[in-house]
Amino acid sequence: MQLAALLMVTAGIHAQTEVTAGIMRGKDYGVTYLLPKTEIVLNVQATKHIYTPGEFCKYAERYLRLTDVATESREYWTLDKVQTTVAGVPDKDKVFFVKLKDKTVAPLMELTEDGIVRSINMPYSGGKSTKEQPVEATPEPMKLLDPSTFLTEEIMMANSSAKMAELVAKEIYSIRESKNALLRGEADNTPQDGAQLKLMLDNLNQQEASLVAMFAGQTVSEPQTFAIRITPRTMQGSVAFRFSKKLGVVDDNDLAGEPIYITITDLKTIDAAAANAADGEGKKVDGVAYNVPGRAQVTLTYDHQKLFESELPVTQFGTTEYLAPVLFNKNTLTKVLFDTATGGLLKVDRGE
């Protein structure tokens with residue numbers, strides 16, 4: 001039976017409805033659905049930096065007192081942040097079939113595109129199956145303009161690079177003096193309006209930055225986000241992925257990068273004996289199945305420093321329970337919302 005995103009069934013789930021693990025057989029009419037298992041998603045934010053030396057880089061210290069200015073192009077990566085979320089994927093070991101009897105009320109059962117149960121008797125949400133936290137955007141740096149547009153005729157007519165560098169440096173100092181005069185209110189054209197003053201200062205800052213780049217060089221940054229999925233299990237200091245200052249984020253088996261280690265600890269929030277009893281294969285049960293996720297302590301470390309440490313819900317460390325069939329008889333309208341990342345209950349509303 002092909003799983004659809006939305007299944008409207010023509011018979012209801014009530015006290016006589018039988019739910020068994022497995023798929024639809026024979027001529028039985030009903031709904032097949034899955035529960036999810038958890039994957040930990042590492043959203044790794046890294047930035048590629050491309051440095052281009054300035055035209056007057058060798059005069060940077062002489063005229064602007066800038067030290068350690070590189071004179072050759074280079075590329076390098078920085079590891080900025082790691083954000084961790086959970087996502088649900090279909091668990092093929094937890095396939096259930098709701099067998100529907102005659103003369104019952106029709107409920108509405110919504111599944112994700114992967115067949116994971118999303119809700120019962122609730123309107124179609126039209127949303128994504130898994131809610132993941134948005135990755136924070138990195139603030140954009142000031143955009144540099146073409147410095148040649150700020151060069152005076154005297155600078156352009158200079159007969160040597162050294163002379164041009166000297167005149168450009170004087171122009172930079174002149175811009176700085178203009179900014180100081182505006183801030184002190186000593187400039188002849190100091191605006192009375194705060195917004196106009198900010199606009200003038202922003203323009204001067206942009207001119208200064210563009211001219212300084214002719215000495216200090218310019219670095220273009222390209223932020224990127226990498227999604228790395230890990231199926232959780234108890235692990236201690238395993239390599240989640242690797243990071244190279246030359247190549248960026250690389251695979252966990254690529255020795256060109258330094259390892260980022262992950263430790264996952266089962267916090268034992270669910271009784272193990274109860275979990276094993278509930279998950280017995282071939283066990284016939286009544287009701288609608290759902291997960292009770294356990295909790296895991298997740299820690300990421302890089303170069304002996306913690307990048308992330310928090311508790312996350314993990315289905316594999318939990319158990320499976322069932323909603324009583326009496327909740328779905330023809331005299332009761334029960335609305336159920338599931339967490340498609342864990343298969344746990346988010347909300348149960350029961351109305352007469």
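Isoleucine 260 of strand β10 (residues 258–266) stands opposite tyrosine 302 in β12. The model is predicted, so local features need pLDDT of at least 70 and side-chain atom pairs count only at pLDDT 80 or more, while totals for chains, interfaces and linings use all residues. Residues are numbered from 1 along each chain as its sequence is written, and side-chain values use heavy atoms, with hydrogens and water left out.

Strand β10 pairs with strand β12 (residues 288–302) through 7 bridges. The two strands run antiparallel. Strands here are DSSP runs of E with at least two residues, and helices are runs of H or I with at least four; both are numbered from the N terminus. Two strands count as paired if DSSP finds at least two bridges between them. Strand β10 is also joined to strand β8 (residues 235–244), by 6 bridges. This pairing is antiparallel as well. Within it, methionine 235 stands opposite isoleucine 264 in β10. In a regular strand, side chains alternate between the two faces of the sheet.

The structure holds 12 salt bridges. A salt bridge is a side-chain nitrogen of Lys or Arg within 4 Å of a carboxyl oxygen of Asp or Glu. One of them links the side chains of lysine 268 and aspartate 266, at 3.9 Å from N to O. Lysine 268 is exposed, at 65%. Aspartate 266 counts as buried, with 17% relative accessibility. Elsewhere, salt bridges that share partners join Lys163, Glu166 and Lys170 into one network.

Glutamate 166 is partly exposed, with a relative accessible area of 24%. Lysine 163 is partly exposed too, at 33%.

Methods. Buried < 20%, exposed > 50% of the residue type's maximum accessible area, 1.4 Å probe, protein only.
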